[in-house]
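Hi,

Here is the structure I promised to pass on to you.

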Amino acid sequence: MEASKKEPLIITDKEQMRKWSRTMRSQGKSIGLVPTMGYLHQGHISLVEEALKLTNLTVVSIYVNPGQFAPSEDLSTYPSDFHGDISKLMYVPGGVDVVFHPHNLYDYENDMKRNKNDMGACKNLEGKGEVVSCLEESGMGHETWVRVEKLENGLCGKSRPVFFRGVATVVTKLFNIVEPDVAVFGKKDYQQWRIVQRMVRDLDFSIRIIGTEILRDNDGLAMSSRNVHLSAKERRKALSISRSLLGAKSSAENGHINCRELRDSVIQAVSEAGGRIDYAEVRGAVFVFPNSAV
(Lines give C-alpha, C1' and ligand atoms only; values in the text may rest on other atoms or scores of the structure.)
Protein backbone atom coordinates (compact mmCIF):
# COMPACT_ATOMS: atom_id res chain seq x y z
CA MET A 1 0.00 0.00 0.00
CA GLU A 2 1.29 3.45 -0.81
CA ALA A 3 1.89 5.77 2.12
CA SER A 4 -0.33 8.79 2.44
CA LYS A 5 2.22 10.37 4.77
CA LYS A 6 -0.56 12.36 6.36
CA GLU A 7 0.47 12.98 9.95
CA PRO A 8 -2.56 13.15 12.22
CA LEU A 9 -3.10 15.90 14.74
CA ILE A 10 -2.53 14.42 18.20
CA ILE A 11 -4.91 15.70 20.87
CA THR A 12 -4.60 14.68 24.52
CA ASP A 13 -7.01 17.10 26.21
CA LYS A 14 -10.75 16.44 26.40
CA GLU A 15 -11.77 20.05 25.91
CA GLN A 16 -9.44 20.53 22.96
CA MET A 17 -10.87 17.40 21.35
CA ARG A 18 -14.42 18.62 21.82
CA LYS A 19 -13.52 22.09 20.49
CA TRP A 20 -11.92 20.57 17.37
CA SER A 21 -14.97 18.44 16.66
CA ARG A 22 -17.41 21.29 17.12
CA THR A 23 -15.33 23.53 14.87
CA MET A 24 -15.33 20.90 12.13
CA ARG A 25 -19.04 20.22 12.50
CA SER A 26 -19.77 23.95 12.27
CA GLN A 27 -18.10 23.81 8.85
CA GLY A 28 -20.46 21.06 7.75
CA LYS A 29 -17.94 18.24 8.11
CA SER A 30 -18.98 14.77 9.28
CA ILE A 31 -16.78 12.89 11.76
CA GLY A 32 -16.07 9.19 12.10
CA LEU A 33 -14.64 7.69 15.28
CA VAL A 34 -12.65 4.47 15.62
CA PRO A 35 -12.19 3.67 19.34
CA THR A 36 -9.11 1.54 20.08
CA MET A 37 -6.78 0.66 22.96
CA GLY A 38 -3.75 0.94 20.69
CA TYR A 39 -1.12 -1.56 19.56
CA LEU A 40 -2.80 -1.38 16.19
CA HIS A 41 -2.92 -4.21 13.68
CA GLN A 42 -4.54 -4.67 10.26
CA GLY A 43 -7.90 -5.33 11.88
CA HIS A 44 -7.86 -1.83 13.37
CA ILE A 45 -6.72 -0.40 10.05
CA SER A 46 -9.74 -1.99 8.35
CA LEU A 47 -11.98 -0.11 10.80
CA VAL A 48 -10.23 3.15 9.90
CA GLU A 49 -10.64 2.41 6.19
CA GLU A 50 -14.36 1.85 6.73
CA ALA A 51 -14.69 5.15 8.61
CA LEU A 52 -12.90 6.96 5.79
CA LYS A 53 -15.58 5.77 3.36
CA LEU A 54 -18.42 7.14 5.48
CA THR A 55 -17.34 10.55 6.79
CA ASN A 56 -15.33 13.61 5.85
CA LEU A 57 -12.98 13.39 8.82
CA THR A 58 -11.70 10.49 10.91
CA VAL A 59 -10.68 10.37 14.57
CA VAL A 60 -8.90 7.36 16.08
CA SER A 61 -8.89 7.20 19.86
CA ILE A 62 -6.09 5.34 21.63
CA TYR A 63 -6.83 4.77 25.29
CA VAL A 64 -6.37 1.74 27.53
CA ASN A 65 -9.46 1.94 29.71
CA PRO A 66 -8.95 0.85 33.35
CA GLY A 67 -12.72 0.73 33.86
CA GLN A 68 -13.08 -2.48 31.84
CA PHE A 69 -10.30 -4.42 33.56
CA ALA A 70 -10.76 -6.36 36.78
CA PRO A 71 -7.84 -6.20 39.25
CA SER A 72 -6.86 -9.75 38.29
CA GLU A 73 -6.64 -8.96 34.57
CA ASP A 74 -3.86 -7.66 32.33
CA LEU A 75 -4.12 -3.86 32.46
CA SER A 76 -0.46 -3.40 33.38
CA THR A 77 0.78 -5.71 30.62
CA TYR A 78 -1.54 -4.65 27.79
CA PRO A 79 0.76 -4.08 24.78
CA SER A 80 1.55 -0.52 23.78
CA ASP A 81 3.47 1.14 20.93
CA PHE A 82 2.11 4.65 20.42
CA HIS A 83 4.76 5.79 17.95
CA GLY A 84 4.30 2.59 15.97
CA ASP A 85 0.55 3.21 15.93
CA ILE A 86 1.02 6.71 14.51
CA SER A 87 3.34 5.35 11.83
CA LYS A 88 0.76 2.73 10.80
CA LEU A 89 -2.00 5.33 10.63
CA MET A 90 0.13 7.55 8.39
CA TYR A 91 0.21 4.73 5.84
CA VAL A 92 -3.58 4.50 5.58
CA PRO A 93 -4.68 5.87 2.18
CA GLY A 94 -6.58 9.07 2.82
CA GLY A 95 -5.05 9.46 6.24
CA VAL A 96 -6.42 9.98 9.73
CA ASP A 97 -7.19 13.53 10.83
CA VAL A 98 -6.91 13.26 14.61
CA VAL A 99 -5.56 10.76 17.12
CA PHE A 100 -7.21 11.35 20.48
CA HIS A 101 -4.77 10.03 23.08
CA PRO A 102 -5.89 11.18 26.53
CA HIS A 103 -3.72 10.58 29.56
CA ASN A 104 -6.62 9.71 31.85
CA LEU A 105 -10.31 10.08 31.00
CA TYR A 106 -11.19 9.72 34.68
CA ASP A 107 -8.98 12.51 36.03
CA TYR A 108 -11.49 15.18 37.00
CA GLU A 109 -9.29 17.48 39.07
CA ASN A 110 -6.05 17.56 37.08
CA ASP A 111 -4.01 16.93 40.24
CA MET A 112 -4.08 13.13 40.33
CA LYS A 113 -1.48 12.31 37.73
CA ARG A 114 -1.23 8.57 37.20
CA ASN A 115 0.24 6.61 34.35
CA LYS A 116 -0.81 3.21 33.03
CA ASN A 117 1.58 1.43 35.36
CA ASP A 118 0.02 3.18 38.34
CA MET A 119 -3.38 1.95 37.21
CA GLY A 120 -1.95 -1.49 36.64
CA ALA A 121 -0.87 -1.68 40.27
CA CYS A 122 -4.49 -2.30 41.16
CA LYS A 123 -4.06 -5.92 40.10
CA ASN A 124 -2.22 -6.53 43.38
CA LEU A 125 -5.03 -5.21 45.56
CA GLU A 126 -7.67 -7.43 47.08
CA GLY A 127 -11.37 -6.72 46.56
CA LYS A 128 -13.66 -6.07 49.49
CA GLY A 129 -16.33 -8.62 48.65
CA GLU A 130 -17.76 -6.80 45.64
CA VAL A 131 -16.98 -6.80 41.94
CA VAL A 132 -14.76 -3.83 41.12
CA SER A 133 -12.62 -2.65 38.24
CA CYS A 134 -9.08 -1.29 38.25
CA LEU A 135 -10.60 2.18 38.08
CA GLU A 136 -12.38 1.76 41.40
CA GLU A 137 -9.35 0.13 43.01
CA SER A 138 -7.26 3.13 41.94
CA GLY A 139 -9.34 5.52 44.04
CA MET A 140 -10.01 7.98 41.21
CA GLY A 141 -13.48 8.76 42.52
CA HIS A 142 -15.47 7.84 39.41
CA GLU A 143 -18.97 6.68 40.41
CA THR A 144 -21.16 6.70 37.28
CA TRP A 145 -21.52 3.63 35.08
CA VAL A 146 -23.49 2.87 31.92
CA ARG A 147 -25.07 -0.59 31.97
CA VAL A 148 -26.84 -2.46 29.18
CA GLU A 149 -28.33 -4.79 31.70
CA LYS A 150 -29.59 -7.78 29.72
CA LEU A 151 -27.09 -7.89 26.89
CA GLU A 152 -24.10 -7.72 29.22
CA ASN A 153 -25.13 -10.95 30.94
CA GLY A 154 -23.82 -14.31 29.79
CA LEU A 155 -21.26 -15.16 27.12
CA CYS A 156 -18.16 -13.01 27.78
CA GLY A 157 -19.94 -11.15 30.58
CA LYS A 158 -20.24 -14.27 32.71
CA SER A 159 -16.53 -14.49 33.49
CA ARG A 160 -15.80 -10.75 33.11
CA PRO A 161 -18.49 -9.03 35.20
CA VAL A 162 -16.97 -5.52 35.05
CA PHE A 163 -16.01 -5.60 31.38
CA PHE A 164 -19.12 -4.47 29.54
CA ARG A 165 -20.12 -1.73 31.97
CA GLY A 166 -16.56 -0.42 31.60
CA VAL A 167 -16.79 -0.54 27.81
CA ALA A 168 -20.23 1.10 27.70
CA THR A 169 -19.06 3.84 30.07
CA VAL A 170 -15.84 4.71 28.24
CA VAL A 171 -17.57 4.60 24.85
CA THR A 172 -20.21 6.99 26.20
CA LYS A 173 -17.45 9.31 27.39
CA LEU A 174 -15.74 9.16 23.99
CA PHE A 175 -19.03 9.87 22.23
CA ASN A 176 -19.62 12.90 24.47
CA ILE A 177 -16.10 14.21 23.88
CA VAL A 178 -15.59 13.51 20.16
CA GLU A 179 -19.27 13.93 19.14
CA PRO A 180 -18.96 11.72 16.04
CA ASP A 181 -21.58 11.06 13.39
CA VAL A 182 -20.35 7.48 12.86
CA ALA A 183 -18.42 5.05 15.07
CA VAL A 184 -16.86 1.83 13.77
CA PHE A 185 -16.36 -1.36 15.79
CA GLY A 186 -15.13 -4.83 14.88
CA LYS A 187 -17.43 -7.83 15.02
CA LYS A 188 -14.65 -9.92 16.55
CA ASP A 189 -16.05 -8.55 19.81
CA TYR A 190 -19.60 -9.34 18.73
CA GLN A 191 -21.30 -8.97 22.10
CA GLN A 192 -19.54 -5.63 22.62
CA TRP A 193 -20.72 -4.36 19.22
CA ARG A 194 -24.31 -5.32 20.00
CA ILE A 195 -24.13 -3.70 23.43
CA VAL A 196 -22.90 -0.44 21.93
CA GLN A 197 -25.70 -0.56 19.35
CA ARG A 198 -28.29 -1.05 22.06
CA MET A 199 -26.81 1.68 24.25
CA VAL A 200 -26.89 4.16 21.35
CA ARG A 201 -30.52 3.28 20.62
CA ASP A 202 -31.69 3.41 24.24
CA LEU A 203 -29.89 6.67 25.11
CA ASP A 204 -30.77 8.43 21.83
CA PHE A 205 -27.23 9.10 20.67
CA SER A 206 -27.36 10.51 17.16
CA ILE A 207 -24.54 8.23 16.04
CA ARG A 208 -24.50 5.49 13.42
CA ILE A 209 -22.78 2.34 14.70
CA ILE A 210 -20.99 0.26 12.07
CA GLY A 211 -19.69 -3.28 12.56
CA THR A 212 -16.96 -4.70 10.33
CA GLU A 213 -16.06 -8.34 9.76
CA ILE A 214 -13.29 -10.24 11.54
CA LEU A 215 -9.85 -10.15 9.95
CA ARG A 216 -7.59 -13.16 10.40
CA ASP A 217 -3.90 -13.79 9.92
CA ASN A 218 -2.85 -16.24 7.21
CA ASP A 219 -2.96 -19.13 9.67
CA GLY A 220 -6.57 -18.35 10.59
CA LEU A 221 -6.06 -16.73 13.99
CA ALA A 222 -8.25 -13.69 14.54
CA MET A 223 -6.15 -10.53 14.70
CA SER A 224 -5.80 -9.21 18.23
CA SER A 225 -3.34 -6.91 20.00
CA ARG A 226 -2.89 -9.52 22.72
CA ASN A 227 -1.65 -12.10 20.19
CA VAL A 228 1.82 -10.61 20.68
CA HIS A 229 1.93 -12.36 24.06
CA LEU A 230 1.42 -15.82 22.54
CA SER A 231 4.36 -18.20 22.21
CA ALA A 232 4.60 -20.26 19.03
CA LYS A 233 3.16 -23.24 20.94
CA GLU A 234 0.30 -21.19 22.38
CA ARG A 235 -0.50 -19.79 18.96
CA ARG A 236 -0.78 -23.30 17.51
CA LYS A 237 -3.15 -24.22 20.32
CA ALA A 238 -5.19 -21.05 19.74
CA LEU A 239 -5.78 -22.06 16.12
CA SER A 240 -8.07 -24.81 17.42
CA ILE A 241 -10.65 -22.11 18.19
CA SER A 242 -11.13 -20.90 14.62
CA ARG A 243 -10.83 -24.42 13.21
CA SER A 244 -13.45 -25.83 15.58
CA LEU A 245 -15.82 -22.94 14.91
CA LEU A 246 -15.43 -23.33 11.15
CA GLY A 247 -16.05 -27.03 11.53
CA ALA A 248 -19.24 -26.39 13.49
CA LYS A 249 -20.34 -23.83 10.92
CA SER A 250 -19.78 -26.28 8.09
CA SER A 251 -21.74 -28.98 9.93
CA ALA A 252 -24.66 -26.60 10.49
CA GLU A 253 -24.65 -25.55 6.83
CA ASN A 254 -24.81 -29.24 5.90
CA GLY A 255 -27.91 -29.76 8.00
CA HIS A 256 -26.47 -30.93 11.31
CA ILE A 257 -28.24 -28.44 13.56
CA ASN A 258 -28.26 -30.13 16.96
CA CYS A 259 -26.92 -27.25 19.06
CA ARG A 260 -25.60 -29.43 21.86
CA GLU A 261 -23.63 -31.59 19.43
CA LEU A 262 -22.21 -28.54 17.67
CA ARG A 263 -21.18 -27.00 20.98
CA ASP A 264 -19.65 -30.25 22.23
CA SER A 265 -17.63 -30.61 19.03
CA VAL A 266 -16.07 -27.19 19.63
CA ILE A 267 -15.33 -27.96 23.28
CA GLN A 268 -13.75 -31.28 22.37
CA ALA A 269 -11.54 -29.83 19.63
CA VAL A 270 -10.26 -26.96 21.78
CA SER A 271 -9.73 -29.19 24.82
CA GLU A 272 -7.83 -31.80 22.80
CA ALA A 273 -5.53 -29.05 21.52
CA GLY A 274 -4.70 -28.13 25.13
CA GLY A 275 -7.04 -25.17 25.46
CA ARG A 276 -9.18 -24.26 28.47
CA ILE A 277 -12.81 -23.45 27.73
CA ASP A 278 -14.31 -20.25 29.14
CA TYR A 279 -17.61 -20.82 27.36
CA ALA A 280 -18.90 -22.37 24.15
CA GLU A 281 -22.49 -21.66 23.20
CA VAL A 282 -24.61 -21.77 20.08
CA ARG A 283 -26.83 -18.71 19.89
CA GLY A 284 -28.99 -17.00 17.32
CA ALA A 285 -28.59 -13.24 17.37
CA VAL A 286 -32.35 -12.72 17.15
CA PHE A 287 -32.75 -14.63 20.42
CA VAL A 288 -29.73 -13.69 22.50
CA PHE A 289 -29.87 -10.11 21.24
CA PRO A 290 -33.62 -9.46 20.79
CA ASN A 291 -34.57 -6.45 18.68
CA SER A 292 -30.91 -6.27 17.69
CA ALA A 293 -31.50 -4.52 14.36
CA VAL A 294 -30.96 -0.95 15.51
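Predicted model: local features only at pLDDT ≥ 70, side-chain atom pairs only at ≥ 80, totals over all residues.

**What I found**

Residues are numbered from 1 along each chain as its sequence is written, and side-chain values use heavy atoms, with hydrogens and water left out.

Cysteine 156 counts as partly exposed because its relative accessibility is 30%, and cysteine 259 counts as partly exposed at 41%. Here buried means under 20% relative accessible area, exposed over 50%, and partly exposed in between (1.4 Å probe, protein chains only).

The largest nonpolar core has 39 residues, and Met17, Trp20, Val59, Phe100, Phe175 and Ile209 have the most contacts inside it. By nonpolar core I mean a set of buried Ala, Val, Leu, Ile, Met, Phe, Trp, Tyr and Cys residues joined through side-chain atoms within 4.5 Å. At least two residues of this core come from each of helix 1 (14-26), strand 2 (31-36), strand 3 (57-62), strand 4 (98-100), helix 7 (163-178), strand 5 (182-186) and helix 8 (190-202). Helix 7 gives the most, with 10 residues. Helices (H or I, at least four residues) and strands (E, at least two) are DSSP runs, numbered from the N terminus. A second, separate core has 18 residues, including Leu40, Ile45, Ala51 and Val184.

What does methionine 17 contact, leaving aside its neighbours within four places in sequence? The partners are Ile11, Val59, Val98, Phe100, Ile177 and Val178, with contact meaning heavy atoms within 4.5 Å.

With 6 of its 6 residues buried, strand 2 is largely enclosed by the rest of the structure. Ile31, Leu33 and Pro35 lie on one side and Gly32, Val34 and Thr36 on the other, and both faces are covered. Strand 2 runs parallel to strand 3, joined by 6 bridges, and isoleucine 31 stands opposite leucine 57 there. Two strands pair if DSSP finds at least two bridges between them.

On to the helices. Helix 8 is mostly covered, with 10 of its 13 residues buried; among them are Trp193, Arg194 and Arg198. Just after helix 8, aspartate 204 takes a positive phi of about 60 degrees. In helix 3 (residues 82-90), the buried residues are Phe82, Gly84, Asp85, Ile86, Leu89 and Met90, and their cover includes strand 1 (9-11), helix 2 (42-54), strand 3 and strand 4.

Finally, isoleucine 10 sits in strand 1 and is partly exposed, at 37% relative accessible area. Leaving aside neighbours within four places in sequence, isoleucine 10 is in contact with Phe82, Ile86 and Val99.

Best wishes
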